[in-house]
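Work through the exercises below with the sequence and the model open. Each task is followed by a solution in steps.

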Amino acid sequence: MSRGNHSWAEDVGTAYTDARYRVGTRRTQHVTEVLGAALFPAGVGGLTTGPATEGEREWVFARSTDGAAAFAQGEVAIRETGAGADEWVAIRSDATVDAGRVIGVAQYAVADDSWGWFLRCGYGEVEGDGAVTADTSIVSAAAGRATNLGTANEEAVFGFSFEADGAAGSLFTARIDLP
């Protein structure tokens, strides 16, 4: 059962050209859905076995207005800022920012000026900057990527890596845990 009493007809791997749900809507995908892949189809997130298929996942519905190409799988989405900014408008991370500004991580393509579900909590795939090592806290970085926590910026931690990323732009498995 998801928060509230909403019946979820579509899976979380669906992007929309309209605001199908209210932006900011959260959806919990329970472990039985994760294991049964009923709402997390093959190829979305690339997670099929092992600890990455365990536990619940929480998603948030947001609008992509990066003004560029679609969000790709693993890209970190942050809130836009400034006058007239909308809390649930997603742009690619452009630097290390406070975790409270991170909306989530795309687990499938979400076109510019479209709406989709971003992973907020649970196991998922994240795009690294080429410096991610296994078993370390991760923070947002430039180009929608994540990197290792350095010697500062503890407030920016949004997850924990379970493997190294190998090269810039490569995906790695992580546990996402946003406030």
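**Exercise 1. Which way do the residues of strand β4 point, and are they buried or exposed?**

Solution. 
- Step 1. Locate β4 at residues 89-92; strands here are DSSP runs (E, at least two residues; helices are H or I, at least four), numbered from the N terminus.
- Step 2. Sort the side chains: Val-89 and Ile-91 point one way, Ala-90 and Arg-92 the other way.
- Step 3. Check burial: all of these residues are buried. Buried means under 20% relative accessible area, exposed over 50%, and partly exposed in between (1.4 Å probe, protein chains only).

The model is predicted: local features need pLDDT of at least 70, side-chain atom pairs count only at pLDDT 80 or more, and totals for chains, interfaces and linings use all residues. Residues are numbered from 1 along each chain as its sequence is written, and side-chain values use heavy atoms, with hydrogens and water left out.

**Exercise 2. How many salt bridges does the whole structure hold? Describe those of Arg-26 and Glu-127.**

Solution. 
- Step 1. The search finds 7 salt bridges, each a side-chain nitrogen of Lys or Arg within 4 Å of a carboxyl oxygen of Asp or Glu.
- Step 2. Arg-26 bridges to Glu-58, with the closest N and O atoms 3.5 Å apart. This pair links distant parts of the chain, as Arg-26 lies in strand β1 (residues 26-29) and Glu-58 in strand β2 (residues 57-64), 32 residues apart. Arg-26 is partly exposed at 29% relative accessibility, whereas Glu-58 is buried at 8%.
- Step 3. Glu-127 and Arg-145 form a salt bridge whose closest N and O atoms are 2.7 Å apart. Glu-127 is in strand β6 (residues 114-129) and Arg-145 in the loop between β7 (137-140) and β8 (146-148), 18 residues apart. Glu-127 counts as buried, at 9%; Arg-145 is partly exposed, at 23%.
- Step 4. Look for shared partners: salt bridges join Arg-26, Glu-58 and Arg-120 into one network.

**Exercise 3. How many aromatic pairs are there, and which residues form a cluster with Trp-117?**

Solution. 
- Step 1. There are 8 aromatic pairs. Rings of Phe, Tyr and Trp (its six-membered ring) pair if their centres lie within 6.5 Å; planes under 30 degrees apart count as stacked, over 60 as edge-to-face and the rest as tilted.
- Step 2. Tyr-16 and Tyr-21 pair edge-to-face, 6.2 Å centre to centre with 80 degrees between the planes. Tyr-16 is buried at 4%, and Tyr-21 is buried at 10%.
- Step 3. Phe-71 and Phe-118 are edge-to-face at 5.4 Å and 80 degrees. Phe-71 lies in the loop between β2 and β3 and Phe-118 in strand β6, 47 residues apart; both are buried.
- Step 4. Ring pairs link Trp-117 with Tyr-16, Tyr-21 and Phe-61 in a cluster. The charged end of Arg-27 sits over the Trp-117 ring, 5.6 Å from its centre.

Terms used
A charge sits over a ring if NZ of Lys or CZ of Arg is within 6 Å of the ring centre and within 35 degrees of the ring normal.
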